[in-house]
Amino acid sequence: MKTSLTLLAVLLLGSAPAYAQGSAQQAQQAAAAGRAAQLAIEAASRKLAVTEEILPLRIPGHTLGETEGVSRNKAGHLFVYSRTGWGGSSRGGTAARLFEFDQKLKYVKEWLSDSYGASFAHAVRVDPQQNVWVVDEGSNTVQKVDPTGMVKMVLGRKPESIDWWEEFVERGSKDTNIHPDGTMGTFNRPTDVAWDAEGDTFVSDGYVNSRVVKISKDGVWQKSFGTYGTGDGQMKIPHGIAVYGDRVYVADRNNSRIQVFDLNLNFQKYITGIGQPWSVQVTPKYIYSGDGTGKIYRLDHDGKLLGWAQTSLGQGQTGCLIHSLHAEGDNVLYKGACSLWNVEKITFKE
């Protein structure tokens, strides 16, 4: 009897850790299987040759910082939205700065200095009318700035830092729903922006809301798609977005897929076999998807993998080697990263 009770106690006491260990092992096994499957896909496709050029970007009296967002305008000027500065990255912080360099990579100026919306940089894009759009993950805003530097539109609104402090620090409230369904008019850690030919705006939104939003060119919120999760109709950190023709491409990063929609956000298909897509760009010939490992995948417009290239090695880092891509035609990409503190020009050899 004593032996039986002892055995029962061991089983009861050991059951929780055993289940936890099993769950962790299953997650590790699934991740390993996913990596093995991705390596098999890459082994069966062509490794593409590229040249990499680290751009000599210098700012008088300042460092470039983490190059989260990169984009170029028609004149060849490069815009870099970086996590840099001394203001902190909290709700009231201003640790984000937007720099412009000319076609010869000479520093031109800083945009939006001391901006209330510059809190935690995530992306910068230039639209066909040469407006500069800033996506800030910390302030929950997307800002449209005209070529003269005038703010023309602000989508979303920065949470009041005093309200956050009062609720969660002074009162000790707990945010129990960390992935709520997004509401129209507000973002929650947005990540990227793109436009269709009519001037409508599409935003990937983002780390918390896990959706894509369509907004008319005059700022009216029209439609959203997605909730947090891994199934159909769901996203898990939509981290990048691109529009080409009548299709919207959303980099559903942590689900290891690109989701494709029509311009009314009706789902069309998944594109897989591209690792974790941190950024997506579409050119007249190709779709490019960049993984944080530094791998860039080239696909045709049907989503068929044509080849891949490894970039960003030998610089002392192993994570977030790609954060944002900007496509300059079919064979040239500009790349920003979290950990490398530089911008690279990637040229594919044909």
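**View 1. Ser204, a buried serine.** Ser204 is buried, with a relative accessible area of 0%. Keep in mind that this is a predicted model. You'll find Ser204 in strand 11, which covers residues 201–205. Which side chain does Ser204 meet in a polar contact of 2.6 Å? That partner is Thr191. Skip the neighbours within four places in sequence, and Ser204 is still in contact with several residues, among them Pro190, Asp192, Arg211, His239 and Ile241.

View 2. Most peptide bonds are trans. Gly206 sits in the loop between strand 11 and strand 12 (211–215).

View 3. Look at strand 16 and strand 17, which pair over six bridges; Gly240 has Ala251 in strand 17 as its bridge partner.

**View 4. The largest nonpolar core.** In soluble globular proteins, nonpolar side chains tend to be buried together. The largest nonpolar core in this model has 14 residues, and those touching the most other members are Tyr249, Ile258, Ile271, Val280, Ile287, Tyr297 and Leu299. Elements that give two or more residues to the core include strand 17 (247–252), strand 20 (279–282) and strand 22 (295–299). Zoom in on Tyr297: leaving aside neighbours within four places in sequence, its contacts include Gln38, Glu42, Ile287, Tyr288, Leu305 and Trp308.

View 5. A disulfide is a covalent bond between the sulfur atoms of two cysteines. How many disulfides does the model have? The count comes to one. It joins Cys320 and Cys338, with the sulfur atoms 2.0 Å apart. The link between Cys320 and Cys338 is right-handed, with 40 degrees about the S-S bond. Distant parts of the chain are tied here: Cys320 is in the loop between strand 23 and strand 24 (324–327), while Cys338 is in the loop between strand 25 (332–336) and strand 26 (343–348). Are these two cysteines buried or exposed? Both Cys320 and Cys338 are buried.

**View 6. The hairpin of strand 4 and strand 5.** Strand 4 (residues 97–101) and strand 5 (residues 107–111) pair in the antiparallel sense over four bridges. One of the bridge pairs is Phe101 with Tyr107 in strand 5. Five residues lie between the strands of this hairpin, and Leu105 takes a positive phi near 70 degrees.

View 7. Most residues other than glycine have a negative phi. Asn140 has a positive phi of about 60 degrees even though it isn't a glycine, and you'll spot Asn140 in the loop between strand 7 (132–136) and strand 8 (141–145). Leu265, also not a glycine, has a positive phi of about 60 degrees and lies in the loop between strand 18 and strand 19. Why does Asn140 count as buried? Because its relative accessibility is 4%, and buried means under 20%. Leu265 counts as buried too, at 1% relative accessibility.

Terms used: Residues numbered from 1 in each chain as written. Predicted model: local features only at pLDDT ≥ 70, side-chain atom pairs only at ≥ 80, totals over all residues. Heavy atoms only, no water. Core = buried A, V, L, I, M, F, W, Y, C linked by side-chain atoms within 4.5 Å. Buried < 20%, exposed > 50% of the residue type's maximum accessible area, 1.4 Å probe, protein only. Contact = heavy atoms within 4.5 Å. Pairing = 2+ DSSP bridges. Disulfide = S-S within 2.5 Å. Polar contact = N/O pair within 3.5 Å; in protein donor to acceptor, adjacent residues only side chain to side chain.
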